[in-house]
Amino acid sequence: EGYLAIVDKGEQLCKTDLVQIFALSFYAGCYIGFGALLSLTISGNLAGTVMIHGTGVTGYIYAVLFPVNLLFILLSGCILYTGA
C-alpha cells in the first residue's frame with residue numbers, strides 16, 4: 001500500500017511541468033535556508049541567558065528548531081532533491 005502510494009506520486013511528478021518542478025525545488029531551498037537562519041538566530045541569542053544551565057542547552061534548542069524547515073516543505077508540497 002505504501003509502495004503504491006510512492007509509485008503514484010512518482011508518476012504524477014513525471015507528468016509535471018519542468019518549470020513547476022524547478023519553482024517548487026527553489027521554494028524548498030528557501031525553506032531550508034529560512035529554517036537554518038531561524039535556528040541559528042534563536043539559539044545564538046539565547047546563549048547568554050541559558051549559559052547557567054550549560055552549553056548543551058543551546059545545541060538542544062538548535063536541534064529542536066531546525067526540523068521546522070522540513071515541516072514547512074511538507075506542508076507546502078515543495079520538492080526536495082532527495083525525495084518527493
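**Exercise 1. How many helices and how many strands does the secondary structure of the protein come to?**

Start with the ground rules: this is a predicted model, where local features need pLDDT of at least 70, side-chain atom pairs count only at pLDDT 80 or more, and totals for chains, interfaces and linings use all residues. Residues are numbered from 1 along each chain as its sequence is written, and side-chain values use heavy atoms, with hydrogens and water left out.

Step 1: take the DSSP runs, numbered from the N terminus, where a helix is H or I with at least four residues and a strand is E with at least two. Step 2: tally them up, and you get 4 helices and 0 strands. Step 3: read along the sequence, and the pattern is α-α-α-α.

**Exercise 2. Work out how the radius of gyration of the protein sits against that of a compact globule of 84 residues**.

Step 1: the globule rule is 2.2 Å times the number of residues to the power 0.38, with the radius taken over C-alpha atoms. Step 3: check the box, which the C-alpha atoms fill at roughly 55 × 30 × 15 Å along the principal axes.

**Exercise 3. Classify the ring pair of phenylalanine 34 and phenylalanine 72**.

Step 1: a pair of aromatic rings is described by the distance of the centres and the angle of the planes. Step 2: rings of Phe, Tyr and Trp (its six-membered ring) pair if their centres lie within 6.5 Å; planes under 30 degrees apart are stacked, over 60 edge-to-face, and the rest tilted. Step 3: the count by this rule is 4 aromatic pairs. One of them joins phenylalanine 34 and phenylalanine 72, at 5.8 Å centre to centre with 35 degrees between the planes, so call it tilted. Step 4: phenylalanine 34 lies in helix H2 and phenylalanine 72 in helix H4 (residues 68-76), so the pair ties together parts 38 residues apart in sequence. Step 5: ring pairs also bring in Tyr31, making a cluster with Phe34 and Phe72.

**Exercise 4. Is phenylalanine 26 buried or exposed?**

Step 1: buried means under 20% relative accessible area, exposed over 50%, and partly exposed in between (1.4 Å probe, protein chains only). Step 2: phenylalanine 26, in helix H2 (residues 18-45), has 52%, so it's exposed. Step 3: for contrast, phenylalanine 34 at 43% is partly exposed, and phenylalanine 72 at 28% is partly exposed too.
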